[in-house]
Amino acid sequence: MNKSNSLLFSGLLLATAAIPAFAQAGTEISKTPKLPKAVVVIFADDLGYGDVGCYGADPKKIPTPAIDKLCKQGIKFTDAYSTTSVCTPSRYAFLTGQYPWRKEGTGILPGDAAMIIDTDQPTLPKIMQKYGYKTAVFGKWHLGLGKGKIDWNHSISPGPNDIGFDESCIFAATGDRVPCVILRNDKVENLDPNDPIEVSYKHNFPGLPNGKDNKDLLKLMWSHGHNNAIINGIGRIGFMKGGKAALWDDEKNADFITNEAIQFIKRNAQAKQPFFVYFATHDIHVPRTPDKRFVGKSKCGVRGDVTVQLDDCVGRLMKTLDECGLSNDTLVIFTSDNGPVLDDGYADNAVKDNVGHSPSGPFRAGKYSILEGGSRVPFIVRWPGVVKPGMESKALINQMDLGATLLALLDPKAKSPFPDSENHLLALEGKDSKGRDYHIVNSSAKMVGIRSGKWKYLPAGTPIRDGINGLGAKMSRAPEGGLLIDLEKDPKELNNLASKHPDIVKHLHNKLEEIKKSPVNKENLREYALLDD
Ligand code: NG6
Ligand code: CA
């Protein structure tokens with residue numbers, strides 16, 4: 001047996017060895033966690049730290065009973081972060097365990113972008129597959145597809161199924177970007193071959209109206225951008241032609257992906273097959289289009305209504321796990337890809353209707369910002385039999401850590417192939433309240449800062465975006481000497497303590513430079529590539 005085969009063989013042995021140890025039903029707290037039969041990661045979109053009841057939202061304004069129940073049954077993390085303050089790079093980091101600023105081209109992607117995860121990169125779903133879990137992603141992808149120009153009328157590859165997902169049912173990018181169709185695995189669903197899809201992010205197709213000049217055709221008016229193609233009466237980013245039978249129904253999308261996830265859960269539960277779900281719901285991103293069941297169900301207008309819709313989807317997933325007898329054997333993680341935004345390009349009254357609600361909780365700013373509101377997000381871990389219900393944890397963790405953490409759970413001896421993901425299994429179990437020593441804070445821009453303990457440091461010149469709307473933010477820069485914030489005393493990041501603590505500034509500055517330069521762990525990556533041969 002050559003080296004690569006022997007590694008492959010040992011990988012398989014590990015995989016099969018892992019399966020008999022799956023947890024038995026029961027809620028006693030165990031010393032070493034048994035392997036969950038299922039892992040469900042719920043990634044909300046643009047949901048802020050303060051948008052749900054258990055993180056401070058007023059339940060009379062925005063009721064989120066299902067998410068609050070997760071909190072009561074698990075651990076509420078107060079110091080967890082998405083890797084950045086926008087979608088694509090946060091999701092890139094979550095799946096690949098690599099800081100997105102290490103790689104060119106990981107900013108917000110158009111809907112026709114090439115996939116930014118290489119098929120030979122280690123990923124979280126590949127790890128789950130290796131250890132015997134069936135893996136699936138439902139909802140928003142936004143990590144690109146294919147290798148260059150995409151032909152939407154044929155099989156599109158590479159895609160999610162080439163980086164570790166056995167099944168995928170996705171929107172290519174976002175609800176506000178074309179093409180407005182669902183892809184099941186590598187193909188557009190319900191496509192009529194006689195009505196092929198064409199997509200352009202440069203120009204419209206002859207004879208088709210655009211949202212800029214045809215406002216009378218819009219049921220939802222744009223406030224900035226979102227005035228290219230008109231699909232279902234909503235202006236989008238980018239132009240598309242054809243594919244009429246394949247167009248999604250905006251109001252039904254949340255139910256659609258939830259039902260898909262429910263079917264996947266039921267199928268695998270019945271087959272006694274362990275599984276991993278990445279539930280990438282599009283709520284509460286724009287365009288906010290709640291199903292009629294949720295219209296008016298919050299007191300914060302449509303943005304609150306889609307939060308109620310999100311909560312309903314979470315509740316239905318949990319109910320399904322219950323019905324399948326799996327809720328005591330499933331690790332559920334609930335989080336959001338970045339902080340909140342009110343007006344993100346549609347005139348949906350989100351600003352006017354946001355009465356007395358604080359989407360970022362105690363923090364300042366939101367989506368797109370390097371301030372805490374941009375990336376301090378809800379992070380709930382429900383893990384019966386492992387974590388004590390109703391805990392709160394201050395452990396500093398990053399969504400990107402789930403790769404190394406889940407690998408450590410599945411195989412404590414395995415070397416992590418992930419460059420920046422850290423194993424914080426003890427924090428997830430509620431046994432470590434510290435978490436990371438350092439976390440790199442990153443906004444939508446390439447600029448980075450660093451958090452350690454209660455301190456956050458932004459180097460001189462770092463652009464700081466202050467505001468909670470897509471447009472109209474106040475821009476400033478970290479002053480000469482940098483910005484040093486004591487997050488415990490000053491969650492709104494108003495008092496610069498840099499001149500008072502030059503030693504801390506120096507230490508954090510050097511550490512930031514060191515982490516920025518630190519090379520990818522090539523040794524582990526090489527081993528991983530062999531295992532995967
Ligand atoms: C911005 C869009 C915004 C949203 C965002 C991506 C405009 C004016 N704004 O460019 O609406 O789509 O990109 O959001 O077009 S994210 O959550 O996917 O990162
Ligand atoms: Ca987002």
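In this briefing a residue is called buried under 20% relative accessible area, exposed over 50% and partly exposed in between, with a 1.4 Å probe and protein chains only. By that definition N190 is exposed, with a relative accessible area of 54%. The model is predicted: local features need pLDDT of at least 70, side-chain atom pairs count only at pLDDT 80 or more, and totals for chains, interfaces and linings use all residues. Residues are numbered from 1 along each chain as its sequence is written, chains are lettered from A and ligands numbered from 1 in the order in which they are written, and side-chain values use heavy atoms, with hydrogens and water left out.

**Calcium site**

- D45 (OD), D46 (OD), D337 (OD), D337 (OD) and N338 (OD1) coordinate the calcium ion (ligand 2) at 2.2 to 2.7 Å. Donors are N, O and S atoms within 2.8 Å of the metal, or 3.2 Å for Na, K and Ca; water is not among the atoms, so sites may look incomplete.
- The site of the calcium ion (ligand 2) is irregular, with angles of 51 to 172° among its six donor atoms. Four donors count as tetrahedral if all angles lie between 85 and 135 degrees; four count as square planar and six as octahedral if opposite donors are over 155 degrees apart and all others between 65 and 115, and anything else is irregular.
- The donor residues of the calcium ion (ligand 2) follow the sequence spacing D-D-x290-D-N.
- Both D45 and D46 are buried.

**Salt bridges**

- The structure holds 40 salt bridges, each defined as a side-chain nitrogen of Lys or Arg within 4 Å of a carboxyl oxygen of Asp or Glu.
- R303 and D51 meet through their side chains in a salt bridge of 2.6 Å, N to O. R303 lies in helix 6 (residues 301-323) and D51 in the loop between strand 1 (38-44) and helix 2 (65-73), so the pair ties together parts that are 252 residues apart in sequence. Helices (H or I, at least four residues) and strands (E, at least two) are DSSP runs, numbered from the N terminus.
- R303 is buried, at a relative accessible area of 3%, and D51 is buried at 0%.
- In the salt bridge of K434 with D437, the closest N and O atoms are 2.1 Å apart. K434 is partly exposed at 48% relative accessible area, and D437 is partly exposed at 41%.
- A salt bridge of 2.7 Å, N to O, links the side chains of E493 and K456. E493 lies in the loop between strand 22 (483-486) and helix 10 (502-517), and K456 in strand 19 (residues 455-458), so this pair ties together parts that are 37 residues apart in sequence.
- E493 and K456 are both buried. Salt bridges with shared partners join D79, E372, R376, R451, K456 and E493 into one network.

**Pocket and cavities**

- On a 1 Å grid over the protein atoms alone, a pocket is an open set of points with protein on both sides within 12 Å along at least five of seven lines, a cavity is a set where a 1.4 Å probe fits but cannot get out, and lining residues have an atom within 4 Å of a point. Grid points are joined across faces, edges and corners, and a volume is the space filled by probe spheres set on the points.
- The lining of the largest pocket has six nonpolar, four polar and ten charged residues. Ala, Val, Leu, Ile, Met, Phe, Trp, Tyr, Cys and Pro count as nonpolar, Asp, Glu, Lys and Arg as charged, and the others, Gly among them, as polar.
- There are three cavities of 30 Å³ or more, and the largest cavity holds about 130 Å³ of space.
- Residues lining the largest cavity include F171, D250, H282, D283 and Q309. By class, this lining has three nonpolar, six polar and two charged residues.

**Backbone features**

- S157 and P158 are joined by a cis peptide bond with omega of about 0°. P158 is in the loop between strand 4 (134-140) and strand 5 (167-171).
- D283 and I284 are also joined by a cis peptide bond, with omega of about 15°. I284 is in the loop between strand 12 (275-280) and helix 6.
- H142, not a glycine, has a positive phi of about 60°. H142 is in the loop between strand 4 and strand 5 and is buried at 2% relative accessibility.
- N190 also has a positive phi, near 65°. The loop between strand 7 (187-188) and strand 8 (198-200) contains N190.
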